[in-house]
Amino acid sequence: MGKSIQQDDKLQRIIEIERKLGEIQDVDVLLERILTETRKIVNADAGSIYVVEGNRLRIKYGQNDTQLKELAPGEKLPYLSFSFAIDEKSICGYVASSGNALNIKDAYKIPEEKPYKFNKNTDLTTNYRTKSIFTIPLKMANGNLLGVLQIINAKNENGTVISFSEEAELLITHFASSAVQALQHAYLTSNMVKRMLKMAEFRDPKETYPHVERVSSYSLEIYDRWAFNHNVPMEEMHRYRDTLKIAAKFHDVGKVGISDVILKKVFPRFTEEERNIMKGHTCIGAQLFDPPESFLDQMSQEIALHHHDRWDGGETGYPGKIDLKSFSIKDGIVPKSAPLAGKEIPLSARIVSVADVFDALSHKRCYKEAWTIDDAFAEIQDNAGTQFDPEVVLAFMQVRDRICSIQMAFPDESED
């Protein structure tokens, strides 16, 4: 009787989680949540989630509670970025190529006749012992593979590592099916976002996919640390970070409405009039989301409009307290308005401001060479309290290692 009640509780919890997964719009945020929740369902210590890229699998997230406990509160495990071939040599590769799940009792005792092997190098490097592994393909109804979910070291009530039971297999399989449906929905949103951003990239060569992805990923890391520093409730944090991850990508989408003569000008630099027209990209971007019909629209509008406003309300910040109706794309020039300062600037825009400037400094542009990473970090730090929100800068500096890892994960095409 007790076991039946426990199973019912788990199923009710899974149903509630599935509902929440369906509300997540960003693919990366969804993948991370799928991994987290799957581990919770079967009380697994660690795991990874991978996506298909051509004939390879790329890791998106890795989690390990044992290793996380060794870090200071608020810190995260290193940001991972690597890929490997989809073939039978690795466990995930085998699951991806065969389309079948694998339940391994002990990773160190895989029979020699099996085509796949377990790579102990990570365990040796981190002083971890991987034992039980359950790996399942994330397949759509038509058979197309989206990725692979791998859960490691199931634990009983006493914290002892055990094998994944038949019940655990059933729960994970059921949950994975719902996760795939949520992923398909998120990919539709992602593809629509990419189309809009591709339009901006056609207009402005600086608005490349790597730049947009870096700014978006930096913003997420900054927010996560800011939210930890400010004790933001978990559900509120989940909702905000999901929206921010997408909205940050639209920070310069308004450049689609700026003339090529100005947008692609290299030398000489802008005249005062051209600079004022260029500032109009903030208002144009905001108008694309007017009137806002969702939280995503609202945040996208905030970021597009205010990511160039200064924390101290200085005169180089723009567009300030502007009424969007007072801006006309035909005139092109942002009208004079009172400055926006401090917490009058939406948090989302204050975060993206730091992420965008850091990325611009640390990468080559047609009009300048790239700054060193150290110099770019120092510049952000030096402008805390003037150009940037000091609490956002603090969070940014606290996640420096992850910012650097994101830089390497999304190099500009010329850097490949």
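## A salt bridge to start with

The side chains of D312 and R310 meet in a salt bridge, 3.0 Å from N to O. A salt bridge is a side-chain nitrogen of Lys or Arg within 4 Å of a carboxyl oxygen of Asp or Glu.

Before going on, a word on the model: it is predicted, so local features need pLDDT of at least 70 and side-chain atom pairs count only at pLDDT 80 or more, whereas totals for chains, interfaces and linings use all residues. Residues are numbered from 1 along each chain as its sequence is written, and side-chain values use heavy atoms, leaving out hydrogens and water.

Helices (H or I, at least four residues) and strands (E, at least two) are DSSP runs, numbered from the N terminus. E32 is buried, with a relative accessible area of 18%, and R241 is buried too, at 5%. Both belong to a network of salt bridges that also links K76, E221, D224 and R402.

Helix α2 (residues 27-42) also holds E37, which is buried at 6% relative accessible area. Not counting residues up to four places away in sequence, E37 touches R13, I17 and F175; contact means heavy atoms within 4.5 Å.

## Strand β6 and its partners

In strand β6 (residues 145-155), 9 of the 11 residues are buried, so the strand is largely enclosed by the rest of the structure. Strands count as paired if DSSP finds at least two bridges between them. β6 pairs in the antiparallel sense with β1 (residues 44-53) over 7 bridges, and also with β5 (residues 133-139) over 7 bridges. V148 in β6 stands opposite Y50 and opposite P137.

β6 also runs antiparallel to β7 (residues 161-162), joined by 2 bridges, with A154 and I162 as bridge partners. Two hairpins feature here. The one formed by β5 and β6 has 5 residues between the strands, and its G143 takes a positive phi near 95 degrees. The hairpin of β6 and β7 has 5 residues between the strands, and G159 there takes a positive phi near 85 degrees.

## Cores and rings

The largest nonpolar core has 42 residues, and those with the most contacts inside it include W226, F358 and F396. Such a core is a set of buried Ala, Val, Leu, Ile, Met, Phe, Trp, Tyr and Cys residues joined through side-chain atoms within 4.5 Å. Another core, of 36 residues, lies apart from it, with A44 and M140 among its members.

The structure holds 13 aromatic pairs. Rings of Phe, Tyr and Trp (its six-membered ring) pair if their centres lie within 6.5 Å; planes under 30 degrees apart count as stacked, over 60 as edge-to-face and the rest as tilted. F358 and F396 form an edge-to-face pair, 5.2 Å centre to centre with 65 degrees between the planes. F358 lies in helix α13 (residues 347-361) and F396 in helix α15 (residues 390-398), so the pair ties together parts that are 38 residues apart in sequence.

Conventions
Buried < 20%, exposed > 50% of the residue type's maximum accessible area, 1.4 Å probe, protein only.
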